[in-house]
Amino acid sequence: MAVFDTLGISASGLMVNRKWMDAVSDNISNINTVNPTNQDAFRERFINAQAVDYGSGTGGVRVATAEFGSGEGRMVYEPDHPLADKDGYVKYPDIDLGDQMTSLLMAQRAYQANLAVVERATNAYQAALRLGKG
Amino acid sequence: MTSPLSGILPVGIGAITGVAGAQTGVPQAQNADGFASVLASSFDQLQSAQKTSDTLATQAATGDLKDVHDYMIASNEASLATEMVVTIKNKAVEAFNEIMRMPV
């Protein structure tokens with residue numbers, strides 16, 4: 001829609017940040033996922049954002065790719081674990097909770113920023129339409 | 001007697017050519033983004049905005065909605081588009097009434 005373009009552009013920003021929050025929640029929920037040492041550990045999820053336009057004039061952002069981190073993981077000595085190998089090791093994913101919380105904070109704030117744009121743009125459009133009511 | 005008849009005939013021909021000119025003039029006005037086409041395009045926009053909003057409302061009701069903000073923005077957009085079309089319509093009616101009130 002050509003008239004209310006700002007809303008669509010902000011919606012794309014909301015979408016990307018929502019997906020980022022999805023990725024972070026996936027990472028956090030799997031932070032204690034244990035795998036046997038002969039398999040890959042849970043691989044951290046990353047969201048790769050990219051500008052839509054590159055000169056086309058449409059504007060906005062989109063998720064170009066969802067990347068995966070290394071499956072190498074951390075070797076933890078837990079001989080009592082049912083998945084432990086013969087030396088007593090299991091694999092934990094190599095995810096830092098501090099990093100994830102920081103990303104979550106950034107994603108949440110960016111989401112709110114986009115919502116603020118939607119709100120202000122709506123107010124601006126409404127103010128413009130009030131001109132016609134006089 | 002001949003002079004009034006000869007006076008009438010040119011008027012008739014003039015009127016006919018005038019109508020023909022008006023008929024060819026109407027599509028030209030539409031091509032050149034006249035008020036009618038502006039109104040029609042804003043109605044199209046309103047329809048598409050409301051359709052999107054309706055689809056998302058159905059998805060929200062059935063639990064298929066992926067993004068909450070998508071529905072909120074679509075309904076916001078539909079409401080803005082409605083407001084815009086209503087404003088344009090009111091202005092058009094106002095202009096028409098103004099012309100009708102013109103003393104002749």
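A residue counts as buried if 20 or more other C-beta atoms lie within 10 Å of its own. By this criterion, buried residues make up 12% of the 104 residues in chain B of this predicted model. Chain B contains three helices and zero strands. From the N terminus on, its elements follow the order α-α-α.

Two of these helices pack against each other. Two packed helices are described by the angle between their axes and the distance between the axes. The axes of helix 2 and helix 3 of chain B come within 8 Å and cross at roughly 150 degrees. Angles over 145 degrees count as roughly antiparallel. Helix 2 and helix 3 of chain B are therefore roughly antiparallel to each other. The crossing of helix 2 of chain B past helix 3 of chain B is left-handed.

Helix 2 of chain B contributes to this contact with residues including Leu39(B), Phe43(B), Leu46(B), Ala49(B), Leu56(B) and Ala60(B). By class, the contact between the two helices has 15 nonpolar, seven polar and two charged residues. Within chain B, Ala81(B) touches Gln45(B), Leu46(B) and Ala49(B), leaving aside residues up to four places away in sequence.

Ala81(B) also belongs to the largest nonpolar core, which has 22 residues. The residues with the most contacts inside this core are Leu7(A), Ala11(A), Trp20(A), Ile73(B), Leu80(B) and Ala81(B). Helix 1 of chain A supplies the largest share, eight residues.

The contact between the chains takes 13 residues from chain B and 14 residues from chain A. On the side of chain B that touches chain A, helix 2 and helix 3 of chain B are the elements that give two or more residues. Helix 3 of chain B gives the most to this side, with ten residues. By class, the side of chain B that touches chain A has four nonpolar, four polar and five charged residues.

Notes. Residues are numbered from 1 along each chain as its sequence is written. Chains are lettered from A and ligands numbered from 1 in the order in which they are written. This is a predicted model: local features need pLDDT of at least 70, side-chain atom pairs count only at pLDDT 80 or more; totals for chains, interfaces and linings use all residues. Helices (H or I, at least four residues) and strands (E, at least two) are DSSP runs, numbered from the N terminus. A nonpolar core is a set of buried Ala, Val, Leu, Ile, Met, Phe, Trp, Tyr and Cys residues joined through C-beta atoms within 7 Å. Two residues are in contact if their C-beta atoms, placed from the backbone, lie within 7 Å. Ala, Val, Leu, Ile, Met, Phe, Trp, Tyr, Cys and Pro count as nonpolar, Asp, Glu, Lys and Arg as charged, and the others, Gly among them, as polar. Axes are lines fitted to C-alpha atoms, for helices over the stretch in contact, and angles run from 0 to 180 degrees between N-to-C directions. Angles under 35 degrees count as roughly parallel, over 145 as roughly antiparallel, 65 to 115 as roughly perpendicular and the rest as oblique. A crossing is left-handed if the near helix is turned anticlockwise from the far one by less than a right angle, and right-handed if clockwise.
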